[in-house]
Amino acid sequence: MSQKVAVLGTGKIGEALLSGMIRGGWAPADLLVTARRPERAEELRARHGVTPVSNTEAAKSADTLILTVKPQDMGALLDELAPHVPADRLIISGAAGIPTSFFEERLAEGTPVVRVMTNTPALVDEAMSVISPGSHATEEHVATAEEIFGAVGQTLRVPEGQQDACTALSGSGPAYFFYLVEAMTDAGILLGLPRDKAHELIVQSAIGAATMLRDSGEHPVKLRENVTSPAGTTINAIRELENHGVRAALIAALEAARDRSRELASGKKD
């Protein structure tokens with residue numbers, strides 16, 4: 001925690017990470033931030049006590065650089081940073097779809113790179129962050145990434161070849177649940193409930209179900225079966241989900257997300 005850490009391109013996720021790190025024991029004086037707009041940088045200083053700097057200043061003075069810009073902006077950022085990043089600087093990338101080799105080819109030989117895919121529950125300290133080391137990253141580098149992202153949730157190490165799948169499942173995952181809650185809320189309104197009551201019922205049911213999945217150790221099939229009594233309401237609903245191909249649609253959706261992650265890695269923007 002005595003290291004200087006810089007977050008470059010500090011948007012919502014970057015700010016959530018800063019906030020979590022401060023709660024986890026990092027001194028604000030050791031945290032640097034960059035932002036595209038000067039007013040955004042000053043907002044971060046006022047809110048968290050961190051120090052706004054330029055990208056090149058961050059590259060020169062921080063021990064760890066966390067790059068949180070959009071994937072399509074990463075090449076330009078690396079062109080700006082490359083002359084100023086020494087080979088012992090740890091680079092942590094939070095950009096979807098971009099492999100560690102993309103960074104290693106553009107920075108000094110031997111620069112350690114760690115790839116991390118986190119998700120928006122970082123905003124409430126419930127993120128799932130998936131971590132993969134590049135070819136020059138050591139155990140110590142990976143442990144540093146785990147310590148940083150552990151401040152806003154859980155971490156999981158995977159081989160980099162599994163990152164696109166993790167992006168589809170976890171990086172985009174919260175959106176699928178929000179989509180499901182939206183659809184169930186509409187169903188509740190159709191069934192005669194006011195929107196606010198339908199929303200409250202569904203959200204608490206989701207929280208309870210997620211807690212059971214996490215804490216019970218039971219397989220989701222077992223937990224579902226516990227709710228599904230013979231000739232009851234639940235089995236009728238499950239039958240309709242199967243009849244409408246919901247399971248197949250989810251699998252196809254995740255494959256599409258994985259494929260888009262691969263396209264981003266290859267530089268395709270459209």
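**Overall fold and side-chain contacts**

Of the 270 residues in the protein chain, 37% count as buried, where buried means under 20% relative accessible area, exposed means over 50%, and partly exposed lies in between (1.4 Å probe, protein chains only). The structure is a predicted model, in which local features need pLDDT of at least 70 and side-chain atom pairs count only at pLDDT 80 or more, while totals for chains, interfaces and linings use all residues. Residues are numbered from 1 along each chain as its sequence is written, and side-chain values use heavy atoms, with hydrogens and water left out.

The secondary structure of the chain comes to 12 helices and 8 strands; these are DSSP runs numbered from the N terminus (helices: H or I, at least four residues; strands: E, at least two). Along the principal axes, the C-alpha atoms fill a box of roughly 70 × 40 × 35 Å.

Helix α8 (residues 173–190) packs against helix α9 (residues 195–216) at an angle of about 135 degrees, and their axes are 9 Å apart. This makes α8 oblique to α9. Angles under 35 degrees count as roughly parallel, over 145 as roughly antiparallel, 65 to 115 as roughly perpendicular and the rest as oblique. Axes here are lines fitted to C-alpha atoms, for helices over the stretch in contact, and angles run from 0 to 180 degrees between N-to-C directions.

Charged side chains come next. Side chains of opposite charge can pair when their charged atoms come close. With a salt bridge defined as a side-chain nitrogen of Lys or Arg within 4 Å of a carboxyl oxygen of Asp or Glu, the count comes to 21 salt bridges. One of them joins R40 and E15, whose closest N and O atoms are 3.0 Å apart. R40 lies in helix α2 (residues 38–48) and E15 in helix α1 (residues 12–23), so this pair ties together parts that are 25 residues apart in sequence. Both R40 and E15 are buried.

Within helix α2, E43 and R47 are 4 residues apart, which means about one helical turn separates them. Their salt bridge has its closest N and O atoms 3.5 Å apart. E43 is partly exposed at 34% relative accessibility, and R47 is partly exposed at 49%.

A further salt bridge links E242 with R247, the closest N and O atoms being 2.9 Å apart. E242 is partly exposed, with a relative accessible area of 41%, whereas R247 is exposed at 51%. Elsewhere, salt bridges that share partners join E15, R40, E43 and R47 into one network.
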